[in-house]
Amino acid sequence: MKLFFADLHIHTALSPCAENEMTPPAIIKAAKAEGLDIIGISDHNSAENVVAAIEAGAAEGVTVIGGIEVQTVEDVHVLTFFPCVDTLFRWQDEVYSALPDIENDEKRFGEQLLMDSNGNVTGKLRTFLLASTSMSVDYVGKRVRELGGLVIPAHIDRPSFSLIRNLGFVPDTLLPCCVEISKNTSSGSAKERFSSIAGLPVIKSSDAHRLSEISAYTEILMEEASWEELLLALAFVGGRSIRPLDIVC
Amino acid sequence: MDRRVTVGDIAKELECEVVAGKSCLDNEVSFGYSSDLLSDVMAGAGPGDVWVTVQVHQNIIAVASLTGISAIIVAGGAAPADETVLRANEEGIPLLTTAKPSFEVAGRLYSMGIRGRVKT
């Protein structure tokens, strides 16, 4: 058993709100510099740069978990992660069909860049990603579980786009594998403020939109930096564990 | 007002559809509250309020029970989820729907003499 460091919520330059410096290789380089073993790539409502990030990570020995930060009909942000890209892209198709057909106004919101594993721009995504899908948070939870993915309500302590802020508490039917808190709070403080997260594992992530924000916010005790081990750690099986690093900055 | 406005009065006046909690239309209404952030409603709404929202998630019923809300009006033509209707009936919370947007609903309620709850 070994201690691994994770940051499971990182945006690439695909998210219009993220800096264009968020290329797959630059993210991996920053992750390595911060001592990270495992990162999550979760752009808004899209997974287009996940394969590039997985490839860039494989070259440097950083495990990349591919996902999508879905915006539900209630304006709640939910991280959804999958063990393989085939299922992830199947989920992406469903997310896309639940998105309104609005063209990105890149002057106002920023570019939505598609990139390869070397960080070259290969195109731009036309559909505006910072919109709510027509899917409810309960549907997202149910469907992602059906597809074998992980459901993590994002930054629940934040004043916007948060499950707790928007819907008051964790619905008893959602059954997330854990909840994510932002870098602005500690797990102790979050558990005190939000009684409905009692019994749920807590992770902390950067929600990085620029390279300097990437950091080790969660530590995981497990055998290796893999999807299977992550699942076991989330279930605290066989002495494995996952916990946020409570350095409030 | 001589007589407190009831949920039934509101449903009639605003031509709302009552989709759940039909047995509780005699609930009296004290104040009005309009918000789509449930954490805000939990902190700000109180017993007897009529709550105007576009949220249709089942959590709205628990929030209404918790705060003692008299009725929920789902505005803007949003359709409550099946689970929400089920829980509203279980909890005895009148759930009203209307195509009118929240602003229009709040204005109509104000015209009926219902005022906003002042936070203490």
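In this predicted model, 13 residues of chain B are in contact with twelve residues of chain A. Together the two chains bury about 1000 Å². Carbon and sulfur atoms account for 49% of that area. Three residues stand out on the chain B side. L37(B), H57(B) and N59(B) supply 42% of the area that chain B buries against chain A.

What else links the two chains? The count between chain B and chain A is one salt bridge. D172(A) pairs with R87(B) in a salt bridge. Their closest N and O atoms are 3.1 Å apart. Eight residue pairs are in polar contact across the interface of chain B and chain A, with both residues at pLDDT 80 or more.

Which elements of chain B give two or more residues to the side that touches chain A? They are α2 (38–44) and α3 (59–67) of chain B. α2(B) gives the most, with four residues. By type, the residues on this side of chain B divide into five nonpolar, five polar and three charged.

The largest nonpolar core has 64 residues. Five of its members touch the most other members: I39(A), W91(A), I197(A), I214(A) and I72(B). Take W91(A) as an example. Leaving aside residues up to four places away in sequence, W91(A) touches I68(A), V70(A), T80(A), F82(A), M135(A), V140(A), R143(A), V144(A) and L147(A). A second core is separate and has 21 residues. Its members include L8(A), I65(A), M222(A) and L234(A).

Next come the charged pairs. Side chains of opposite charge can pair when their charged atoms come close. Over all chains, the structure holds 19 salt bridges. One of these joins R210(A) and E19(A), with the closest N and O atoms 3.2 Å apart. The pair links distant parts of the chain, 191 residues apart. R210(A) sits in the loop between β9 (202–204) and β10 (218–222) of chain A. E19(A) sits in the loop between β1 (2–10) and α1 (24–33) of chain A. Are these two residues buried or partly exposed? R210(A) counts as partly exposed because its relative accessibility is 34%. E19(A) is also partly exposed, at 33%.

Another salt bridge joins two helices of chain A. E60(A) pairs with K32(A), and the closest N and O atoms are 3.4 Å apart. E60(A) lies in helix α2 (residues 50–60) of chain A, and K32(A) lies in helix α1 of chain A. The two residues are 28 residues apart. E60(A) has a relative accessibility of 41%, so it counts as partly exposed. K32(A) is partly exposed too, with a relative accessible area of 43%.

A further pair brings a strand and a helix together. K124(A) forms a salt bridge with E106(A), and their closest N and O atoms are 3.1 Å apart. K124(A) belongs to strand β6 (residues 121–124) of chain A, while E106(A) belongs to helix α4 (residues 106–109) of chain A. They are 18 residues apart. K124(A) is partly exposed, with a relative accessible area of 43%. E106(A) is partly exposed as well, at 34%.

Some salt bridges share partners. Through them, E94(A), K142(A), R143(A) and E146(A) join into one network.

Definitions and conventions
Residues numbered from 1 in each chain as written. Chains lettered and ligands numbered in written order. Predicted model: local features only at pLDDT ≥ 70, side-chain atom pairs only at ≥ 80, totals over all residues. Heavy atoms only, no water. Core = buried A, V, L, I, M, F, W, Y, C linked by side-chain atoms within 4.5 Å. Buried < 20%, exposed > 50% of the residue type's maximum accessible area, 1.4 Å probe, protein only. Contact = heavy atoms within 4.5 Å. Buried area = accessible area lost by both parts, 1.4 Å probe. Salt bridge = Lys/Arg side-chain N within 4 Å of Asp/Glu carboxyl O. Polar contact = N/O pair within 3.5 Å; in protein donor to acceptor, adjacent residues only side chain to side chain. Nonpolar A, V, L, I, M, F, W, Y, C, P; charged D, E, K, R; others polar.
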